[in-house]
Amino acid sequence: MYTLFGSLLTCGAMIGSITSGPIADFIGRKGPSAVPFAGLKGFNQVKVTSAKMELSITRPDDWHLHLRDGNLLEMVVPHSAQHFGRAIVMPNLKPPITTTAAAVAYRESILKGLPANSDFTPLMTLYLTDSTSPTEIKLARESGVIYAVKLYPAGATTNSQDGVTDLFGKCLPVLEEMIKHNMPLLVHGEVTNPEVDIFDREKVFIETVLRPLVQKYPQLKVVMEHITTMDAVKFIESCTEGSIAATVTPQHLVLNRNSLFQGGLQPHNYCLPVLKREIHRQAIVSAVTSGSKQYFLGTDSAPHERQKKECSCGCAGIYNAPVALSIYAKVFEEAGALDKLEAFTSFNGPDFYGLPRNTSKIKLRKTPWRVPESFSYAAGHIVPMFAGEMLDWLPSDV
Ligand SMILES: NC(=O)N[C@@H](CC(=O)O)C(=O)O
Ligand SMILES: [Zn+2]
Ligand SMILES: [Zn+2]
């Protein structure tokens, strides 16, 4: 059913074959056996601990994560806490996290869901609405646990119905207060006008909202979340390093829009912004593997119960927390840029947010492992990205 990373294995554990599709092309062009460990060339930050099979990197953080709540929170939080030090936790719950008090309470429930001895730190965010007040921003900053404010254009994505309808008309006092507190604005960058083609929504958002916003407020820190197009890459590169940055998901680095329809409708590859053409995927891969400090890891891991994905009106969101690091490592390896992986996973994010880098390390071992078919919890099952397939960079604690 899915394209198989398994065929990439250099260790003889081949379990399937790819004959067509984006991953096949991706592999066919530059397989690891064709360019073995090209990424080790010029290696300086990533330590090779045992002949070419193991990387030791500073513990990564996830700068865009959906942890949900209730039973689902309890199921997913250990997956992120296992390898990531911190995560920017998205506020699009039902009801959304619009106040400091709600964010503080949500943080408590995340901490309760952590495995014993975990030192994973949730970095909370506020959900921006038309009626968010500047006072709320001040309270958020003073709380010491809220690190950003999230802009969802109303109707753009999952649980965005309470989002912003008119940023320039309704939110300027709040944005000005955020500048005072050096609080970043995180953006789901898509317009919602139904007349705009879904594949153009990011590009139109950049021209109609984002570019005017950064021109009006050059002091505002902005993260364009989960970028999907070469237009976003060009925009980010035209902006000042240190004020505008972007997160990039695993899926937008390895899948293109063919993956939505390959052999039939593939609901588990559906997320927003929707997957784009191959040329866009390639532009994003080049951007993140270039070593630019403006890109950092944000999985956008977004679990939805299986029945809500496999139905007549499926939810947008891909559950990738268990596979994200393996996929990022593969992408950097394929690009011959393993020496730049650690900055993307572990340095650029904290540097942008003005936070210390993690001090502990994790290992990534080039060894085959199979992704579980699904994860069960009290209310159902979650199907992860690349369910049942083989991946070949296995993260573990040092
Ligand atoms: N990315 C998605 O497709 N879905 C996210 C929302 C979001 O990040 O836009 C979700 O919360 O399910
Ligand atoms: Zn989003
Ligand atoms: Zn998201």
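H226 is buried, with 26 other C-beta atoms within 10 Å (buried means 20 or more other C-beta atoms within 10 Å of a residue's own, exposed 12 or fewer, and partly exposed in between, with C-beta atoms placed from the backbone). H226 sits in the loop between β8 (222-224) and α8 (230-238), where helices (H or I, at least four residues) and strands (E, at least two) are DSSP runs numbered from the N terminus. Although H226 is not a glycine, its phi is positive, at about 35°. The model is a predicted one, so to speak of local features takes a pLDDT of at least 70 and side-chain atom pairs count only at pLDDT 80 or more, while totals for chains, interfaces and linings use all residues. Residues are numbered from 1 along each chain as its sequence is written, and chains are lettered from A and ligands numbered from 1 in the order in which they are written.

A second residue with this kind of backbone is F386, again not a glycine, with a positive phi near 60°. F386 belongs to the loop between β14 (380-382) and β15 (390-391) and is buried, with 28 other C-beta atoms within 10 Å. Then there are the cis peptide bonds. One runs from K94 to P95, with omega near -5°, and P95 lies in the loop between β4 (86-89) and α3 (100-113). Another runs from L272 to P273, with omega near -10°; P273 is placed in the loop between α9 (250-254) and α10 (278-288). As background, most residues other than glycine have a negative phi, and most peptide bonds are trans.

As for the overall picture, the protein has 13 helices and 16 strands. Of its 398 residues, 51% count as buried. Taking contacts between residues at least 6 apart in sequence, 71% join residues at least 24 apart (two residues are in contact if their C-beta atoms, placed from the backbone, lie within 7 Å).

Now for the helix pairs. Helix α4 (residues 134-143) and helix α6 (residues 172-180) have axes that come within 8 Å and cross at roughly 25°; axes here are lines fitted to C-alpha atoms, for helices over the stretch in contact, with angles running from 0 to 180 degrees between N-to-C directions. The two helices α4 and α6 are therefore roughly parallel to each other (angles under 35 degrees count as roughly parallel, over 145 as roughly antiparallel, 65 to 115 as roughly perpendicular and the rest as oblique). Their crossing is right-handed, that is, the near helix is turned clockwise from the far one by less than a right angle, with anticlockwise making a left-handed crossing. On the α4 side the contact is made by P134, I137 and K138, and on the α6 side by P173, V174, E177 and M178. By class, these residues of α4 and α6 are five nonpolar, no polar and two charged (Ala, Val, Leu, Ile, Met, Phe, Trp, Tyr, Cys and Pro count as nonpolar, Asp, Glu, Lys and Arg as charged, and the others, Gly among them, as polar).

Helix α2 (residues 70-83) meets α3 with axes that come within 8 Å and cross at roughly 65°. This crossing of α2 and α3 is right-handed too. L73, E74 and V77 of α2 make the contact with S109, I110 and G113 of α3, a set of three nonpolar, two polar and one charged residues.

M75 also lies in helix α2 and counts as buried, with 20 C-beta neighbours inside 10 Å. Leaving aside neighbours within four places in sequence, M75 is in contact with F375, Y377 and I382. M75 and L114 are 39 residues apart in sequence, with their C-alpha atoms 9.7 Å apart. Over in helix α4 is E142, which is exposed, with 11 other C-beta atoms within 10 Å. From E142 to A337 is 195 residues in sequence and 40 Å in space, C-alpha to C-alpha.

T192 lies in the loop between β7 (185-187) and α7 (201-216) and is partly exposed, with 17 other C-beta atoms within 10 Å. Not counting residues up to four places away in sequence, T192 touches P153, A154, G155 and A156. With P153, 39 residues apart along the chain, the C-alpha separation is 7.0 Å.

Finally, the ligand. Around ligand 1 are H66, N92, T157, T158, H188, C271, L272, D300, A302, A316 and G317, each with its C-beta atom, placed from the backbone, within 6 Å of the molecule. This shell divides into four nonpolar, six polar and one charged residues.
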